[in-house]
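Reader: I am new to this structure. Please walk me through the words used for it, and tell me what backs each one.

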Amino acid sequence: MDSRFGILVLFCLMGLTCADQVKFVDCGSVSGKVIQVDINPCPTQPCHLQRGDSYTVNVTFSSVVDTPKSTAVVHGIVAAIPIPFPIPVEDGCKSGIQCPIQKQQMYHYVATLPVKSEYPAIKLVVEWELRDEETKDLFCIKFPVQIV
Ligand SMILES: *[C@@H]1O[C@H](CO)[C@@H](O)[C@H](O)[C@H]1NC(C)=O
């Protein structure tokens, strides 16, 4: 095993920072452009989300609009049906973003994704949107996860 990988795994096991860049699909970001998506921890892809645990989602994006507001909307897509996926803080301006959002600026949206213990152990696609004042998407990303 590569020693760098070993150290990363060790950090993850210790619960320290080990953000992993994940592959995502853009599902229609019109008011912004997604640069990078990190999920912590997610050492293997698709991310394995342990029931009862919480994960950090960090979306780096740049805005193409000025907007005083941003609201997150999260769905889990199961068998093509989007099911609302509740997150504790819907206000993007309270999720690492300093509002008002200004065009041509880069932001890190950082949110917590709690995985409830009553969720079924299935594979699904998470669709995460951050909407501006006009409910257009600053970003819309999709990434697969496996609940374990
Ligand atoms: C979010 O990700 C970016 C890019 O990897 C990084 O520079 C930034 O420090 C991260 N923010 C947090 C709070 O983890």
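**Terms and what backs them**

Author: By class, two nonpolar, five polar and one charged residues make up the shell around the ligand. Note that this is a predicted model.

Reader: What makes a residue part of the shell around the ligand?

Author: Its C-beta atom, placed from the backbone, must lie within 6 Å of the molecule. The residues around the ligand are Ala19, Gln36, Asp38, Asn58, Thr60, Gly96, His108 and Val110. Strand 3 (32-40), strand 5 (54-63) and strand 8 (106-114) each give two or more residues to this shell.

Reader: Why does the shell count one charged residue?

Author: Asp, Glu, Lys and Arg count as charged. The shell includes Asp38, so Asp38 is charged by that rule. Ala and Val count as nonpolar, so Ala19 and Val110 are the two nonpolar residues.

Reader: How do you know that strand 5 and strand 8 pair?

Author: Pairing needs at least two bridges. Nine bridges join strand 5 to strand 8, so they pair. They run antiparallel. Threonine 60 has histidine 108 of strand 8 as its bridge partner. Valine 59 stands opposite tyrosine 109 in strand 8.

Reader: Why are strand 1 and strand 8 called edges?

Author: Four strands form an open sheet, in the order 1-3-5-8, with antiparallel pairing. Strand 1 (20-21) and strand 8 each have a single partner strand, so one side of each is left without a neighbour in the sheet.

Reader: Which residues of strand 8 lie on its covered face, and which on its uncovered one?

Author: Tyr107, Tyr109, Ala111 and Leu113 form the covered face. Met106, His108, Val110, Thr112 and Pro114 form the uncovered one. In a regular strand the side chains alternate between the two faces of the sheet.

Reader: What makes a group of residues a nonpolar core?

Author: The members must be buried, of the listed nonpolar kinds, and joined through C-beta atoms within 7 Å. The largest such core has 25 residues. Val34, Val57, Val59, Phe61, Tyr109, Phe139 and Ile141 touch the most other members. Strand 10 (137-147) is among the strands that supply at least two residues. Strand 10 gives the most, with five residues.

Reader: Which residues does valine 59 touch?

Author: Leaving out residues up to four places away in sequence, valine 59 touches Val34, Val37, Tyr109, Phe139 and Ile141.

Technical notes: Residues are numbered from 1 along each chain as its sequence is written. This is a predicted model: local features need pLDDT of at least 70, side-chain atom pairs count only at pLDDT 80 or more; totals for chains, interfaces and linings use all residues. A residue is buried if 20 or more other C-beta atoms lie within 10 Å of its own, exposed if 12 or fewer, and partly exposed in between; C-beta atoms are placed from the backbone. Two residues are in contact if their C-beta atoms, placed from the backbone, lie within 7 Å.
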